Amino acid sequence: MNNYALFTKSISLKEMGIENAKIHYQLPPAELHEITIQSGQGFENSTGALAVNTGAFTGRSPQDRFIVKDSITEDKVWWGKINIPFEPTAFEALYKKATAYLSNKEIFVRDSYVCADSNYRLNIRVVTETAWANLFCYNMFLKPTNEDLENFTPEWTVICVPEFAADPSTDGTRQGNFSILDFTRKIALIGGTGYTGEMKKGIFSALNFILPVFKNTLPMHCSANVGQDGDTAIFFGLSGTGKTTLSADPNRKLIGDDEHGWTNENTVFNFEGGCYAKVVNLTEENEPDIFKAIKKGAILENVVFKTGTNEVDFEDISITPNTRVSYPIEHINNIQPGSIGKNPKNIFFLTADSFGILPPISKLTPGQAAYHFISGYTAKVAGTEAGVTEPQPNFSACFGAPFMPLHPTKYAEMLSKKMKDANVKVWLINTGWTGGPYGTGNRMKLKYTRAMITAALNGQLDDVKFINHEVFGIAIPQSCPEVPNEILNPRNTWDDKTLYDKKAVELAQKFRDNFSEFSAFANAEILTGAPIA
């Protein structure tokens, strides 16, 4: 553990254009915790964790994420509705406004780094307007030693000014909030929003460009863990599919829960030093590691206390369904030393299919793996958004489209090559509905999902019989230890088999419609992974 309380160093931010600020540098977490409470910006919950409200924004704002279009990015970034270009001159003007805004203020500065593998380490300086945002960065980024800090030189800078709003009429933004990456100046500039996830995802997005373009290393929006025999498993999945929950396995050591790199040296390394987990409906029984991690040093976001207490009501989503907790990875007992593992033996694509069509576990060919990776499918349940009255498909390329600056096929081809070189088994896991769609069927029991993943990891599915799904062509095991055979084929769980067949074909067509924008860029093997009916 680093003793930041004993570390003192004076820094200047004049080169950034920040003048006469009262700089709190590298404050220890306990002090940031107390400053937040004393300022009235947060409260302590019954376990000692800090609870804050992020304001008007309780999640990311993808339409307000920009990349400066310059000589580095113009011919490499996949420009469009996800990667929105921003003019260099407009960025320079907005940057000067933001740094002038921070001048003469009390601000918080933290030096840290990302990428646990020292060959890929990237030094980060974070400048925040609030103490709790700085504590978030202490939790989420990797922690340099005091010796490192003596001569620390930041390569990238993150500036977070939630109370500073842009003027769309003059600043080139869509509205007052913004998150902008400048790869020439190596700056992530965030304003008008208090949602801390913008900081972590800003650096993740930068790495998703830097690593494949300059380091020939695959960045992944995934969790990862290591078994007792040193076998690494990777879990891809969008929010709500179980990525964090399923990688927190008491029988395996956690590398990380969200962002990793896969190197040509056959290692998988964590980008981060902490976890940022959803806590909606959190229980100690279902997610004991996350539940126990909520203690002093953790930050809860947008949760509600039970009436008259400081005990969190995890079922209350009156502020947002996107309730979160950030905590340093050390809050998890069972972690992988150094946050690095070897080549994976198994990869799991997680989906919460609220249509109830996809099998709870199926095995993918390399072509299917690439196709489903590019598709990045899950489904929204009815009632989660205004006007959503039935399940809605949600496709996010590479299981993280909002953070991927390059074309999705670039990442897919890198993944396919690595899977073949390492002889990795790839599984599609449906943590969603069975016996019918949301509203008719039931959510797949967590104990069954855990049993299926354990069986795959232990090689217990290697010799069982498989049949191919009639519509998607994916291979379904006919038996699995500790799982009822009848739930393995989703068609068997529907009362109306004809309706299942119809809905399966409809879902397959949604996959094809979504993939149409990628088809021209996909190679022949990837195209073989499409649904067969």
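This is a predicted model: local features need pLDDT of at least 70, side-chain atom pairs count only at pLDDT 80 or more; totals for chains, interfaces and linings use all residues.
Helix α1, which covers residues 29-38, packs with helix α3, residues 131-140, at an angle of about 150°, and the two axes lie 8 Å apart. Since angles over 145 degrees count as roughly antiparallel, that angle makes α1 roughly antiparallel to α3. The crossing of these two helices, α1 and α3, is left-handed. On the α1 side the contact is made by Pro29, Leu32, His33, Ile35 and Thr36, while α3 contributes Ala131, Trp132, Asn134, Leu135 and Tyr138. Sorted by class, the residues in the contact of α1 with α3 comprise seven nonpolar and three polar ones, with no charged residues.

With helix α10, residues 408-422, the axes come within 9 Å and cross at roughly 145°, and the crossing in which α9 passes α10 is right-handed. Here Pro366, Ala369, Ala370, Phe373 and Ile374 of α9 meet a set of α10 residues made up of Pro408, Thr409, Tyr411, Ala412, Leu415, Ser416, Met419 and Lys420. By class, the contact of α9 with α10 holds 10 nonpolar, two polar and one charged residues.

The other partner of α9 is helix α13, residues 497-515, which packs with α9 at an angle of about 75°, the axes being 10 Å apart. Because angles from 65 to 115 degrees count as roughly perpendicular, α9 is roughly perpendicular to α13. In this contact α9 supplies Tyr371, His372, Ile374 and Ser375, and α13 supplies Phe511, Arg512, Asn514 and Phe515. The classes represented in the contact of α9 with α13 are four nonpolar, three polar and one charged residues. Ile374 of α9 is named in the contact with α10 and is named again in the contact with α13.

We turn now to the annotated residues. An unreviewed UniProt entry places the feature "binding site" at Arg60, Tyr195, Lys201 and Arg324. These residues span 265 residues in sequence, yet no two of their C-alpha atoms are more than 14.5 Å apart, so they gather at one spot. Of this set, Arg60 and Lys201 are included in the lining of the largest cavity. Arg60 itself is placed in the loop between β3 (50-52) and β4 (65-68), whereas Lys201 lies in helix α6, residues 197-214.

Lys201 also belongs to a further set, for the UniProt annotation "binding site", again from an unreviewed entry, covers Lys201, His221 and Asp258. Although this set is spread over 58 residues of sequence, its members cluster in space, the largest C-alpha distance being 10.2 Å. From this set, the lining of the largest cavity takes in Lys201.

Terms used: Residues are numbered from 1 along each chain as its sequence is written. Side-chain values use heavy atoms; hydrogens and water are left out. Axes are lines fitted to C-alpha atoms, for helices over the stretch in contact, and angles run from 0 to 180 degrees between N-to-C directions. Helices (H or I, at least four residues) and strands (E, at least two) are DSSP runs, numbered from the N terminus. Angles under 35 degrees count as roughly parallel, over 145 as roughly antiparallel, 65 to 115 as roughly perpendicular and the rest as oblique. A crossing is left-handed if the near helix is turned anticlockwise from the far one by less than a right angle, and right-handed if clockwise. Contact means heavy atoms within 4.5 Å. Ala, Val, Leu, Ile, Met, Phe, Trp, Tyr, Cys and Pro count as nonpolar, Asp, Glu, Lys and Arg as charged, and the others, Gly among them, as polar. UniProt positions are given in the numbering used here, feature names are shortened, and annotations may be inferred rather than shown by experiment. On a 1 Å grid over the protein atoms alone, a cavity is a set of points where a 1.4 Å probe fits but cannot get out, and a pocket is an open set with protein on both sides within 12 Å along at least five of seven lines; lining residues have an atom within 4 Å of a point.
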